[in-house]
Amino acid sequence: MRILARQVRLETRLFLRRKDDLFWTLAFPLFFIVLFGLIYGDIVWDFFELRAIEYILPGIIVMALMTSGIMATTSGFAEERERGIYRRLSLTPLKRHTLLGGQLIQRYAVILVQTTLLLIVGSLAFSIQISGNLFWVWLVVTLGALCFLSIAFLLAGLIKSARAANGISMIVFFMLMFLGGVFFPNEMMPEFLRAFSNALPSTNLNDVLRAVMIMDRGIGEMWRELLFVGGWFVVSLLLAIRLFRWE
Amino acid sequence: MRTIQQMSTVVTVRNLSKRYGGLLAVDGISFSVEEGEIFGVLGPNGAGKTTTIEIIEGLRKPDGGEVSVCGIDALREPERIKELIGVQLQTTSLYEQIRVKEAVDLFGGYYRRAIPTSTLLEEVSLTDKRDSYVSQLSGGQKQRLALALALVNDPGVLFLDEPTTGLDPQARRSMWSTITGLKQKGKTVILTTHYMEEAEQLCRRVAIMDHGRIIALDTPEALIAGAGLESRIEIDHPSETLRSLLKQAELPARISDGDDKILLHTKNSSQVLKEITRMAADNDIDLESISVQKATLEDVFLALTGRQLRE
């Protein structure tokens, strides 16, 4: 326990000193919420009977989850692995699950901080009504974190080199973002893309989050989408465990 | 043959083998390391040195053989070994964004007992760098930090894999004196190197490896003596009197006569030197420039394999 706490502290310290991680996880999502807030102002999207910015805030939260859950995690792990850091650590009595636990806890903490920041900025600067139950919001965000972290470790298992991991996680991130209904509803997409989009974890998470956070729907109404995200989580997790590599 | 659990034996390796595809990287080697000695594994790149010590450290699994460290079966109980040994890998990578002091604290925290960080940084002369980031260190400083991390749990046995490769001569000497200091503290040190000077300077015993096998194992002096190699005595600008005296004297040496020097090849350099100085004293000859070059481990390797240690 003491060592796990120490690992979390280490990972936090590393995170705070990595400028690129700080940019992607904190500055990048905040930049987007401010940008879209200014662009759309009070414009209302009729088919949702929502202000555009209200539609977009949950999407930005999902995007933020993916910057730390997928991008930073995949490339960070692949890089530390490639540089032989885990190899050196394996000579010490540090257990590998403690090392991994420290990373996961720290990532999750960042995700909670990101979400909180976005909620605060969204409601204060753009008077977005967070009418839903915050407990459900937290639960959905946690499920999203689990799902994306599993995808990250699956990618890190599939991809050997740090360079490739960096590039591919970036592609996955952008694909999940643009096709995931983050910036525009996937109802705007052509038919064939929409089917693909509907199968993505980001799209489904986005829909659930918007429903419980903005539209004040019960979480039970969204069981189909939740099941989808849960499915992505379980399958990615199982594959990630199978393909996991420390060296 | 020694038994595995002899009192003064710290590391025992028996019939160790490791195969990578079609290549036998380690080919059934056996040796043991005594408590308190600096044991060198010398050989060219690709000889199997690193594979061998990484198996002992628990980083790699062998295909066959036994390894015991401090009386513990290292292959069965690698976790128990970790508290007892210290390892400096050929290249130690660390998180670049942590400070020197933080790195030592971090590693110390993984062990049941740890040497205080300030003491350790003093020992490897990194005290003035304790607040620098790892990324800001020079190659030599990184090596010394790696050594500090290997020492953090005050281990009885240290494994140093090519500790001075890539260092400039000054950094190398400083590393040598640190390693000698470790021996004086009673630590057992197992190091690999492809520098024969390093093995000669530091090691009590040296195992010479080539193509996955140990082709010789003894003290550097015994290896050189055993290979039956000649030393070379060189006299620059000898006077004519000395030239003829040397040729007339029946020295146990082959003499080759050059224009401005004489070379004497001998297996018994001390006797030949004695004769020459006596001759010079009797005949009032100045021996202005005389030098003796003893055979080195490099020559031993050449004699054993027909190849240079470093191609």
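This is a predicted model: local features need pLDDT of at least 70, side-chain atom pairs count only at pLDDT 80 or more; totals for chains, interfaces and linings use all residues.
I began with what covers the buried residues of helix 5 of chain A, and found that the cover includes helix 1 (2-17), helix 2 (19-40), helix 3 (52-82), helix 4 (85-89) and helix 6 (134-158) of chain A.

Next I looked up which residues of helix 5 are buried. In chain A they are A:Leu99, A:Gly102, A:Gln103, A:Gln106, A:Arg107, A:Val110, A:Ile111, A:Gln114, A:Thr115, A:Leu118 and A:Gly122.

I then checked the length of helix 5 of chain A, which runs over residues 96-125 and has 30 residues. From first C-alpha to last it reaches 43 Å, close to the 44 Å expected at 1.5 Å a residue. After the helix comes A:Ser127, and I noted its positive phi, near 35 degrees.

On to the contact between the chains. I found 16 residues of chain A and 19 residues of chain B taking part. On the chain B side, helix 2 (78-82) and helix 3 (100-109) each supply at least two residues. Helix 3 of chain B has the largest share, three residues. Sorted by class, that side of chain B has ten nonpolar, five polar and four charged residues.

Last, I looked at how chain B is divided: domain 1 (1-84 + 156-229), domain 2 (91-154) and domain 3 (231-294). The C-alpha centres of domain 1 and domain 2 of chain B lie 24 Å apart. Between these two, eight residues of domain 1 are in contact with nine residues of domain 2. Helix 6 (residues 169-184) of chain B gives the most to the domain 1 side, with three residues. By class, I have that domain 1 side down as five nonpolar, two polar and one charged.

Note on methods. Residues are numbered from 1 along each chain as its sequence is written. Chains are lettered from A and ligands numbered from 1 in the order in which they are written. Two residues are in contact if their C-beta atoms, placed from the backbone, lie within 7 Å. Helices (H or I, at least four residues) and strands (E, at least two) are DSSP runs, numbered from the N terminus. Ala, Val, Leu, Ile, Met, Phe, Trp, Tyr, Cys and Pro count as nonpolar, Asp, Glu, Lys and Arg as charged, and the others, Gly among them, as polar. Domain bounds come from an automatic or database domain assignment. The expected span of a helix is 1.5 Å times one less than its number of residues. A residue is buried if 20 or more other C-beta atoms lie within 10 Å of its own, exposed if 12 or fewer, and partly exposed in between; C-beta atoms are placed from the backbone.
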